[in-house]
Amino acid sequence: MRFERVREFFRWFYRYRSIRLTSEGTRFVLLSLAVGVAAINTGNNLLYLLLAMMLSLIVMSGILSEQCLKQLTIRRRVPEHIFANRPTTAALSITNRKPRVPTFSLRVMDVVAGVAVDRGIHLLHVPPRAATLQSYPLLIARRGRYRMEGIKLLTRFPFGLFIKAATLPLEADLVVYPELTPLPDVLVRDLTALGHDKPTPRRGQGVALYNLRRYQPGDDSRSIHWKTSARQARLMVKETEAEDQRHVSIALPTAVPEGREISGAPSSPGEHSFEQAVGLTASLASFFHARSYAIRVLIGDREIPHGIGMAHLYQIFRVLGLCHPTAALESAPMPEGFRTLGERAAMGELTILVLPWADPRLTAECRGVSRVLRAGDLP
């Protein structure tokens, strides 16, 4: 039983520990072997003394490097909202909990999909019972889920003979939003003209008071009604009557038409056109949000109702970041939201259909929408 416990301990230990020789360490070990062979052949006491000193350096290197990796607490801080191909900043908080022993020459790396990613963090000295905050740039190329599995620590201390590594489980599951790109000037002028043709008086940015309600995350702090908030001991937001607030519905189909295949590879034409359509939908949502539109989005069979504010916009970005093309079933009915786009356009709402690929059936069903956009046709 005791032997089994010892074996399990070593299995756990080496799961998160690794050690390898550097080029200098390889030469030092070979030189130690040569000195050992010479000492045995000659029986020279000085050679035995030199061999003992060299072996003690190897042992001390292992002990001291292990002390550098022990009793470290690491916390990762990442931004709440991350967009593809947009640089942002993350940070690592590293605390040395050892009471007397400092940590030297420590490299800190993220572990993503089982691979250590160098963030350029190299700590020369962390005193005992001290903490340091290291920020680093973070750039993620593709939208979707981005999972950081842990932290990898490496040190060459004290003599540079070995690289000892320790892997600490520290997970972070991020949702990367689609890349936002400026809309072409021609499309901006077209959308602006379409929007001005469809005024709808509702609550929004204006002068006259429309309503008072509780503050929600994402609301503009400038709209807080401080007198009512003080009287009710909770934050209250004033809503004003919009003079020209408009509604817009943006629809993005995710069902792949029959006869068209999506391989899932980033370089495949079908996947590339779908990614373009997702990015265009996100850019349209950002465009209309900046103009105080109430935005409704249809993504496949999922519908996000009309809403305003940053929280609503980030909800749209999150759903777009996680959406994927799906296989279309011949017997599956078209989502109700797509079939009513033409009716909403006739009632004065701005409706936009974003097509990743040609789909005659969908175009026929959505006849009457304000604008149909093909992602590949835009400059």
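## Cores, a helix and ring pairs in a predicted model

Of the protein's 379 residues, 41% are buried, meaning under 20% relative accessible area with a 1.4 Å probe and protein chains only; over 50% is exposed, and partly exposed lies in between. This is a predicted model: local features need pLDDT of at least 70, side-chain atom pairs count only at pLDDT 80 or more, and totals for chains, interfaces and linings use all residues. Residues are numbered from 1 along each chain as its sequence is written, and side-chain values use heavy atoms, without hydrogens and water.

The protein has 10 helices and 18 strands. These are DSSP runs numbered from the N terminus: helices are H or I with at least four residues, strands are E with at least two. Contacts are heavy atoms within 4.5 Å. Among those with a separation of 6 or more, 71% come from residues 24 or more positions apart.

**Nonpolar cores.** A nonpolar core joins buried Ala, Val, Leu, Ile, Met, Phe, Trp, Tyr and Cys residues through side-chain atoms within 4.5 Å. The largest one has 37 residues; L191, V248, L284, F288, I295, I352 and V354 touch the most other members. Elements giving two or more residues include helix 4 (185-196), strand 12 (247-252) and strand 17 (350-355). Helix 6 gives the most, 9 residues. Leaving out residues up to four places away in sequence, I352 touches L191, V248, L284 and F288, among others. A second, separate core of 25 residues includes L92, I94, L106 and M148.

**Helix 3.** This helix covers residues 45-69 and reaches 37 Å from first to last C-alpha, close to the expected 36 Å. The expected span is 1.5 Å times one less than the number of residues. N44 caps its N-terminal end, with a side-chain oxygen 2.8 Å from the backbone nitrogen of L46. Buried residues in helix 3 include L51, M54 and L69. Just after helix 3, Q71 takes a positive phi of about 55°.

**Aromatic pairs.** Rings of Phe, Tyr and Trp (its six-membered ring) pair if their centres lie within 6.5 Å; planes under 30 degrees apart are stacked, over 60 edge-to-face, the rest tilted. The count is 9 pairs. Two are tabulated.

| Pair | Centre distance | Plane angle | Class |
|---|---|---|---|
| F83 and F317 | 5.3 Å | 80° | edge-to-face |
| F104 and F157 | 4.9 Å | 20° | stacked |

F83 in strand 3 and F317 in helix 7 are 234 residues apart. Both F83 and F317 are buried. F104 is partly exposed at 27% relative accessibility, and F157 is partly exposed at 23%. Ring pairs also link F83, Y177, Y314 and F317 into a cluster.

Definitions and conventions:
A polar contact is a pair of N or O atoms within 3.5 Å; within protein, one must be able to donate a hydrogen and the other to accept it, and residues adjacent in sequence count only if both atoms are side-chain atoms.
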